[in-house]
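Trainee: Could you walk me through this model, starting with how its parts are defined?

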Amino acid sequence: MKGYSHKTSKDRMFRIVTVIIGIAINVLLSYVLYKSGLPIYLDTLGTIWVSMVAGIFPGIVTGVLTDTLCLAFNENAIYFAFVNAIIAMYGAWFARNRNIKQVKDCLIFVMMMGIILGLVSSFTQWVLLGGPQNQSTILILEKLGVSQEYARFALFVIIEIMFGTFGSAISLTIVRLVLSVFPEDLRVRIKNGGWRQKPLTSNEITRMDSLSDKINFSMRNRIAITFVLVSLAVSSTLGFIGIRQYFSNAIKEKTENAYHAAEFASYVVNPEMIDEYIRDGKDAPGYLETEELLYHIRDNAPGVRYLHISKVDKDVLISVFDLDEKKEYEARTDLELLKAKEPGKFVPLYEDFVPYHEQLLKGERIPVIEMKSPTNWTATVSLPIMDEEGNCACYAFADVSIDYIADYMQDFMLRVILSLLGFLILIISYAIWTTGIHITYPINSIVAMVEEFAAAGGEQSLLDNAVRSMRRIDIRTDDEVEMLYHTICNMASDQTENMRSLRRFSDSTLKMQDGLIITMADLVENRDSDTGAHIQKTAAYVKIIVEGLQKKGYYAGKITPKFISDVVRSAPLHDIGKINIPDEILKKPGKLTDEEYEIIKTHTTAGKNIIEKTITRVGGESYLKEARNMAAFHHERWDGKGYPEGLYGEVIPLSARIMALADVFDALSSPRVYKPAFPIDKVVDMLQEGAGTQFDPKCVEVFLESMPEVRVILRKYNEGVTP
C-alpha cells in the first residue's frame with residue numbers, strides 16, 4: 001500500500017503541474033493576442049488541453065484562474081471566465097464521449113466551440129462593454145459600412161463566430177499534435193490523480209451512479225445543492241450589500257455636489273438684486289453675467305443636472321434663474337442665445353415640496369428631496385440665500401440626476417454577475433467533484449463490495465474473493481469515510497475467518513458424524529458376513545447415479561448440492577434395520593423360508609423407525625430425512641410390486657430409487673455364499689430388463705452410461721471378480 005500511496009501522490013502532483021502549464025499557456029497567448037490586437041481566440045488552448053487530459057474540474061480551474069490572472073493587463077478579462085469554464089466542460093465531455101482522432105468529431109467540436117465563443121463574446125462586448133473591443137473587428141465593421149444597429153450587431157456576431165471557429169481549429173490541431181506524442185501512461189496517471197481510492201473504470205462509475213439512483217436524494221446531490229445555495233446566498237448577499245452601499249454612497253456624493261453647487265450659487269447671486277431680476281429679467285444689470293457664472297457652476301458640478309434660483313411666494317415659486325437646459329460653456333458664443341426660462345415666471349410648488357411649505361416661507365433649510373417620475377428621478381438640494389438683513393431673498397435649488405446612477409448600477413450588476421459566474425461554475429464543479437471523489441464513489445464502492453460479500457453466503461471462496469475485492473478499493477480520503485471503510489474491511493475479514501473456523505469445526509463434526517454412520521453400518525455389516533464392503537460400494541454407486549442424473553438435467557427441481565450430499569452420506573444407513581434381525585436368520589447360509597423372508601423384510605420398517613427416533617432426538621431432520629427414505633423404501637419397485645408399502649413410480653422417494661439400483665447391482669455383481677458373482681455383461685442385461693419395472697429407467701440410463709467408473713469400483717473392492 002505504501003508504494004501505491006507514493007504513486008498516487010506523484011499522480012496528484014502531475015495533475016497540479018498540468019493545470020499550471022495550462023494556465024501559463026493561456027495567459028501567455030492571451031497577453032500576446034491582447035498586445036498584438038489579433039482577434040483570434042487562442043487563449044483557450046490550455047483549457048482545452050487540460051480538460052481533455054485531466055478532466056472537467058482541472059479544466060474549469062484552468063479557465064477561471066486564467067482570466068483572473070489576465071486582469072493584470074486586461075481589465076475586461078474576468079468577464080470571460082465563465083466562457084472558459086463552459087469550454088472546459090465541453091472539452092472534457094468531448095474527450096470522454098468522442099474520438100479526437102476522428103476528423104468528423106473534430107469538425108463538430110470546432111464548430112460548437114466557434115459558436116459558443118462567438119455568441120458569448122459578442123453579447124458580452126456589445127451589452128457590457130459598449131461594442132467591439134478589438135480594433136481589427138472594428139475596422140472590418142467600418143469597411144463593411146453597416147450603420148443600422150441590429151444589422152451591425154448581427155454582423156458582429158457572425159464575425160466573432162468566424163474568429164472563434166478559426167481559433168478553435170488552431171487550438172484543437174495543436175492539442176491533437178500534443179496528445180499524439182503525449183505518453184499514454186502519463187495521461188492515465190494525470191486523469192486518475194484526483195481519485196482517493198482505486199480509480200474506477202467508466203463501467204464501474206456507471207455502476208456506482210446506478211446505486212445512487214436507488215435512493216430518493218443522494219448525498220452527492222444534497223451536498224452539491226448545498227454548495228450552490230450557500231454560494232448563491234453569499235454572493236447575492238454580498239453583491240446586494242455592495243451595490244446598495246455603492247448606490248447610497250453615489251447618491252450621497254451627488255447630493256453633496258448639488259449642495260456645493262447651490263452653495264456656490266448663493267455666493268454668486270446678489271440677494272439685493274432678486275426683485276430687480278424678477279422685474280426686469282435679463283435686462284437687469286448683472287443678470288447675464290450672474291447667469292453665466294451659474295452655468296459655470298452647474299456645468300462643473302458632477303452629476304448636477306438643473307440649477308434653479310427661485311423666490312418663494314405663498315404657494316408658488318417665482319423663477320429668477322432657471323438653468324434647465326444642459327449647455328456646454330464652450331459651445332455658447334452669444335449669451336443672448338441662451339435658452340433659459342424667462343425670469344419672473346410663476347411655477348407651482350412641486351407636490352414633494354408641499355410638506356415643507358412653511359419652512360420654505362420662513363427661509364429655513366429643508367432635507368434633500370427625491371422626486372420620481374416615469375421619465376426622471378432627481379434629488380433636490382435647497383439652500384436659502386439670505387440678504388443683508390438676514391431675510392431669505394430666494395432659494396438655490398440644485399437637482400442631481402439619479403437616473404444615470406441607476407443605469408450605471410444596472411451595468412455594474414451585470415458586470416458583477418459575469419465576474420462571479422465563472423467562480424460560481426468553479427464552486428459548483430468543485431462541489432460535485434469533491435463530493436463524488438471523497439464521499440459518493442467511496443461509499444458506493446463500499447456498498448457494492450458489501451453486497452458482493454453478502455451475496456457470497458457461506459461459500460468460503462466467494463467470501464475470500466469479496467474480502468480481497470474490498471481491500472483492493474484502497475480508499476484514502478483521510479476522513480470518516482476512510483475510517484468506515486477500514487472498519488468494514490476488518491469486520492468482513494474477521495467474519496470470513498470466523499466462517500472459516502466454523503466451517504472447519506462443521507467439517508470436523510460432519511466427519512465425526514460420517515465416522516459414526518460408517519461405524520454403525522459396519523456393525524450391521526459385520527453381523528452379515530456375506531456382504532463384503534457392501535456399504536462402501538453402494539455409497540459409491542449412489543454417488544455415480546445421483547451425479548449422472550444431475551448432469552442429464554433429470555429431476556432438476558429435486559437434485560441440489562445439498563440433496564446429493566445428503567444421499568451420499570446417508571447411503572451407508574440403508575440397511576441399519578438389519579440390526580433387529582436375529583443372527584440365525586441374518587447369517588443363514590442356505591435359502592430362507594417364507595417366514596424367515598418376511599422377517600428379513602422387516603429390516604426396512606425397522607430402519608425407518610430407528611432413524612425417525614434419531615431425528616426426533618436431535619431436533620432436526622437434516623440429511624437423516626434421506627437416510628430414513630433410503631432405509632424404508634430401497635426395496636420398493638418401479639412397478640409397485642416391492643415392499644414394505646408397495647409404492648410405485650415417482651411416488652417412491654428419489655433417494656430410495658437410487659439406492660434400490662445400487663443395492664441390487666452390488667448384490668448381483670458380488671459373490672454370496674449362496675451364489676457366485678454374475679459377469680458384468682449379464683448384470684447389465686438384467687438391469688436393462690428391470691428398467692421401467694423394478695428400477696427407475698432414468699437411474700438405469702445414467703448408471704449404465706457410467707460403467708467405466710463402476711468398473712473402477714468393482715476392481716477396487718471385488719477381488720477375483722472380472723469387471
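Mentor: Gladly. Helices (H or I, at least four residues) and strands (E, at least two) are DSSP runs, numbered from the N terminus. This is a predicted model, in which local features need pLDDT of at least 70, side-chain atom pairs count only at pLDDT 80 or more, and totals for chains, interfaces and linings use all residues. Residues are numbered from 1 along each chain as its sequence is written, and side-chain values use heavy atoms, with hydrogens and water left out.

Trainee: Thanks! How many helices and strands does the protein chain have?

Mentor: Counting those DSSP runs, the protein chain has 26 helices and 6 strands.

Trainee: What share of the residues of the protein chain counts as buried?

Mentor: Buried means under 20% relative accessible area, exposed over 50%, and partly exposed in between (1.4 Å probe, protein chains only). The protein chain has 723 residues, and the share of them that is buried comes to 47%.

Trainee: Is His308 buried or exposed?

Mentor: His308 sits in strand β1, which spans residues 304–313. Its relative accessible area is 15%, so His308 is buried.

Trainee: Which residue in β6 is the bridge partner of His308?

Mentor: Two strands pair if DSSP finds at least two bridges between them. Strands β1 and β6 pair in the antiparallel sense over 6 bridges. Strand β6 covers residues 392–401 and is largely enclosed by the rest of the structure, because 9 of its 10 residues are buried. Within β6, His308 has as its bridge partner Phe397.

Trainee: With the side chain of which residue does the side chain of His308 make a polar contact?

Mentor: A polar contact is a pair of N or O atoms within 3.5 Å; within protein, one must be able to donate a hydrogen and the other to accept it, and residues adjacent in sequence count only if both atoms are side-chain atoms. At 3.4 Å, the side chain of His308 has such a contact with the side chain of Asp399.
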